[in-house]
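User: Please take a close look at one part of this model for me. I would like the aromatic rings and a helix packing explained in plain steps.

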Amino acid sequence: MNKQPRSRTTMLILLLALTLSAGAFLVWLYPMVMVKSEREATIRIPANATREMVKDSLDRYMGPDFAGKVMQLARLRNVKIENRHGSYVIPEGSNALAAMRKLTSGAQTPVRITVNGFRSLPLLIERISRKMEFPADSLENLLSDPIYMSQYGLTPEQALALFIDDTYEVYWTSSARETVDKIGETYRYFWSDSRKRQAEELGLTPADVMTIASITDEETNDEAEKGKIGRLYINRLQNNMRLQADPTVRFAIGDFTIQRITKADLKVESPYNTYLHHGLPPGPIRTTSYATLKKILRSEPHSYLYMCAKEDFSGTHNFASSYDEHLRNAARYQNALDQRGITR
């Protein structure tokens with residue numbers, strides 16, 4: 001007779017226990033799901049990391065409370081988060097559960113390397129290596145290797161040519177070789193057989209065009225002039241004339257802010273000083289763009305052999321086919337510099 005009431009009591013106790021357990025679970029789960037990260041963070045897990053190292057990174061970029069939740073969830077999932085070697089971006093507004101899944105998935109967030117008008121290979125190497133796991137010297141050694149560079153038809157002195165202005169995506173864990181191989185794919189893609197033929201028709205190699213384009217980009221920001229300037233330098237090469245390009249002197253001196261090149265500057269001994277040496281300098285003086293390369297390859301023939309910055313300081317140039325005409329253009333520009341008191 002008492003079995004039914006006892007069964008009801010037992011059932012009520014079980015329901016109450018389940019309700020309390022569910023409530024406790026929800027209380028525990030709430031902050032894991034509802035508390036959001038206040039900022040975007042990049043968490044890097046190096047090779048041979050420890051759990052404490054991962055926790056320290058999370059503490060630093062996302063706060064101790066959020067970090068603790070992520071680590072707790074990783075333990076519950078029984079995943080060794082420290083073995084997930086890589087770089088992971090945790091977006092702003094992510095909850096701890098999403099962050100844990102990101103970090104334990106092994107699906108790295110690609111690193112974006114933007115190349116845009118770098119005038120120094122050492123600076124470019126430093127900027128790239130700062131974003132990557134590998135040390136700077138591994139990239140420097142690779143780009144200094146004649147055998148490696150020869151696969152692109154380049155010498156170590158022409159290494160800047162390999163880095164056409166663009167944004168490249170690689171994984172943080174990539175080696176220096178894997179990174180340059182990835183960037184080199186773009187170089188090879190640009191220098192298709194048809195573009196190589198265009199260069200050959202101009203009497204140039206792809207490496208030559210890269211160097212001429214780099215000087216052209218330093219001469220002007222005016223897109224309409226770039227093909228004309230590039231063709232002018234080609235004319236000078238074909239006429240066995242020194243390029244006498246002011247940007248190469250600035251590169252040789254190591255100061256691109258100089259507005260007025262002096263006679264002393266023209267005598268600076270450097271293989272890059274095209275006032276002293278015939279032909280092209282050993283390599284590019286900066287990274288260059290697809291647009292400039294295309295403009296030079298498609299440039300219309302003309303007879304110009306000289307150019308000088310316009311006296312209105314518009315950033316454009318006066319072009320001349322004869323030296324006498326060039327001297328008149330140069331005199332106007334020098335007078336304009338004098339009037340503005342520009343001596344350097």
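**Aromatic pairs and a helix contact**

Phe190 has 3% relative accessibility, so Phe190 counts as buried (buried means under 20% relative accessible area, exposed over 50%, partly exposed in between, with a 1.4 Å probe and protein chains only). This is a predicted model: local features need pLDDT of at least 70, side-chain atom pairs count only at pLDDT 80 or more, and totals for chains, interfaces and linings use all residues. Residues are numbered from 1 along each chain as its sequence is written, and side-chain values use heavy atoms, without hydrogens and water.

Trp191 is buried too, at 4%. Rings of Phe, Tyr and Trp (its six-membered ring) pair if their centres lie within 6.5 Å; planes under 30 degrees apart are stacked, over 60 edge-to-face, and the rest tilted. The count is nine aromatic pairs. In one, the ring centres of Phe190 and Trp191 are 5.2 Å apart with planes at 90°, so the pair is edge-to-face. Phe251 and Tyr272 form a tilted pair, with 4.7 Å between centres and 50° between planes. Tyr272 is buried, at 15% relative accessibility. Ring pairs also link Tyr148, Tyr152 and Tyr187 into a cluster.

Now the helices (DSSP runs of H or I, at least four residues, numbered from the N terminus). Helix α6 (residues 136-143) packs against helix α8 (residues 176-190) at about 55°, with axes 9 Å apart. The axes are lines fitted to C-alpha atoms over the stretch in contact, and angles run from 0 to 180 degrees between N-to-C directions. Contact (heavy atoms within 4.5 Å) involves Ser138, Leu139, Leu142 and Leu143 of α6 and Ala176, Arg177 and Val180 of α8.

Technical notes: Helix = DSSP H or I, 4+ residues; strand = E, 2+ residues; numbered from the N terminus.
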